[in-house]
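Please look through the view below before reading on.

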Amino acid sequence: MFKVYLKPGKEDSLKRFHPWIFSGAIARVDGQPDEGEIVEVRTARDEFIARGHYQIGSIAVRVLTFRQDEAIDEEFWNRRLATALDVRIAIGLADCKDNDTYRLVHGEGDNLPGLVIDVYGHTAVMQAHSAGMHLDRMTIAKALVHVMDGRIDNIYYKSETTLPFKADLYPENGFLFGGGTDNVATERGLRFHIDWLKGQKTGFFVDQRENRALLERYATGRTVLNMFCYTGGFSVYAMRSGARLVHSVDSSAKAIDLTNKNVALNFPDDARHTAYADDAFKFLDHMDTDFYDLIVLDPPAFAKHRDALHNALQGYRRLNAKAFEKIRPGGILFTFSCSQAVNKDQFRTNVFSAAAGTGRSVRILHQLTQPADHPVSIYHPEGEYLKGLVLYVE
Ligand code: SAH
């Protein structure tokens with residue numbers, strides 16, 4: 001196994017179990033490991049400190065284990081995936097009567113940096129974000145079938161857009177196991193078509209489940225605008241709660257089709273719902289004042305990287321300002337940011353200044369984050385990405 005030697009003192013973050021080794025911390029590499037290969041990381045004093053996937057880039061090693069006696073073999077994958085499943089059973093998401101949609105593996109949060117696995121009914125959708133997870137995909141798939149023990153019939157691999165382009169890995173999307181086409185999954189008793197072939201991410205935004213459920217408590221009798229609806233998740237929960245009317249908006253025509261399909265699957269021929277393919281800013285500009293009394297704003301990540309931060313913050317401010325201007329008095333605003341580069345305080349400050357600009361009295365009812373099946377490792381606080389506020393607007 002190739003060895004990576006750190007510069008003196010650069011092991012401190014590893015002693016606190018942080019799972020990333022930046023290229024700047026490395027003194028030298030013995031030999032020339034291929035991208036994705038398992039390497040052993042040693043301190044300047046030649047002591048073992050970690051073992052992980054090697055990659056050329058700013059994060060040079062993603063740590064899989066800090067234990068010298070733990071090999072990265074079939075048993076390793078079995079153990080890690082079994083623990084991940086135990087956690088989802090403990091949360092009450094796996095083996096649950098009215099829910100078969102959950103995230104089984106959330107990268108660093110499950111001590112598996114670079115790997116995401118979402119479960120939709122009998123299909124697991126696996127996504128590699130590192131060269132190492134891509135190279136190990138068949139071993140992982142085998143362990144997944146073993147650990148899931150009859151719970152899944154298919155594994156779909158979807159990494160064409162998530163792997164580093166430079167690494168020449170040429171990943172192809174496709175089934176690693178099974179090949180079933182039944183793509184209807186259940187989330188808290190509601191049914192959704194999951195488009196893992198062409199959809200965004202693994203086909204669905206599993207991370208909004210608990211926030212959708214919270215919306216269900218507020219939507220009864222209300223006139224709801226679900227902005228950036230994608231698959232219509234928030235819309236379907238609003239319908240179930242007895243909303244008076246639900247409008248879903250997304251700039252993508254495909255998303256609008258999917259939303260209509262999902263509403264029809266749960267509430268066929270229900271005249272309360274209409275979906276519009278439109279740009280969010282245009283729609284908000286043109287809509288009537290005081291028409292909606294519940295608005296959801298769940299935009300895509302405005303800032304994927306730190307450089308885009310300033311524009312992203314302005315984007316959140318402009319978007320929220322429009323909602324504050326037009327929401328009916330006594331209205332409820334669910335507003336989110338999923339940009340990793342934007343922290344909780346920055347998001348909050350920008351929503352505050354949007355509110356202040358309109359002069360309305362605004363109370364925070366709930367502060368939201370990602371659900372328990374998207375856990376954050378206590379040693380890797382960067383893993384917290386989803387932020388949301390539920391606001392009462394007088
Ligand atoms: N709320 C959704 C997830 C939203 S993902 C859920 O619960 O599943 C973000 C969505 O915003 C995508 O579907 C994308 O097509 C849409 N989008 C991106 N830019 C937009 C814009 N300017 N106006 C409207 N929709 C936009």
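Angles under 35 degrees count as roughly parallel, over 145 as roughly antiparallel, 65 to 115 as roughly perpendicular, and the rest as oblique. The model is predicted, so local features need pLDDT of at least 70 and side-chain atom pairs count only at pLDDT 80 or more, while totals for chains, interfaces and linings use all residues. Residues are numbered from 1 along each chain as its sequence is written, and side-chain values use heavy atoms, leaving out hydrogens and water.

**Helix packing**

Two packed helices are described by the angle between their axes and the distance between the axes. Helices are DSSP runs (H or I, at least four residues), numbered from the N terminus. Axes are lines fitted to C-alpha atoms over the stretch in contact, and angles run from 0 to 180 degrees between N-to-C directions.

| Helix pair | Crossing angle | Axis distance |
|---|---|---|
| α2 (residues 74-91) and α4 (residues 137-148) | about 50 degrees | 9 Å apart |
| α5 (residues 209-218) and α6 (residues 233-240) | roughly 30 degrees | within 8 Å |
| α9 (residues 309-326) and α10 (residues 344-358) | roughly 40 degrees | within 8 Å |

Start with α9 and α10: their angle of roughly 40 degrees makes them oblique to each other. Helices α2 and α4 pack at about 50 degrees. That makes α2 oblique to α4. By contrast, α5 and α6 are roughly parallel to each other.

The α2 and α4 crossing is right-handed. So is that of α5 and α6. The crossing of α9 and α10 is right-handed too.

**The ligand**

Polar contacts are pairs of N or O atoms within 3.5 Å. A polar side-chain atom of Asp-279 lies 2.8 Å from a ligand nitrogen. For a side-chain N or O atom of Asp-298, the distance to a ligand nitrogen is 2.7 Å. Taken alone, the ligand exposes 580 Å², and the protein buries 88% of that.

Methods
A polar contact is a pair of N or O atoms within 3.5 Å; within protein, one must be able to donate a hydrogen and the other to accept it, and residues adjacent in sequence count only if both atoms are side-chain atoms. Accessible areas come from the Shrake-Rupley method with a 1.4 Å probe; for residues, only the protein chains shown count as cover. Helices (H or I, at least four residues) and strands (E, at least two) are DSSP runs, numbered from the N terminus. A crossing is left-handed if the near helix is turned anticlockwise from the far one by less than a right angle, and right-handed if clockwise.
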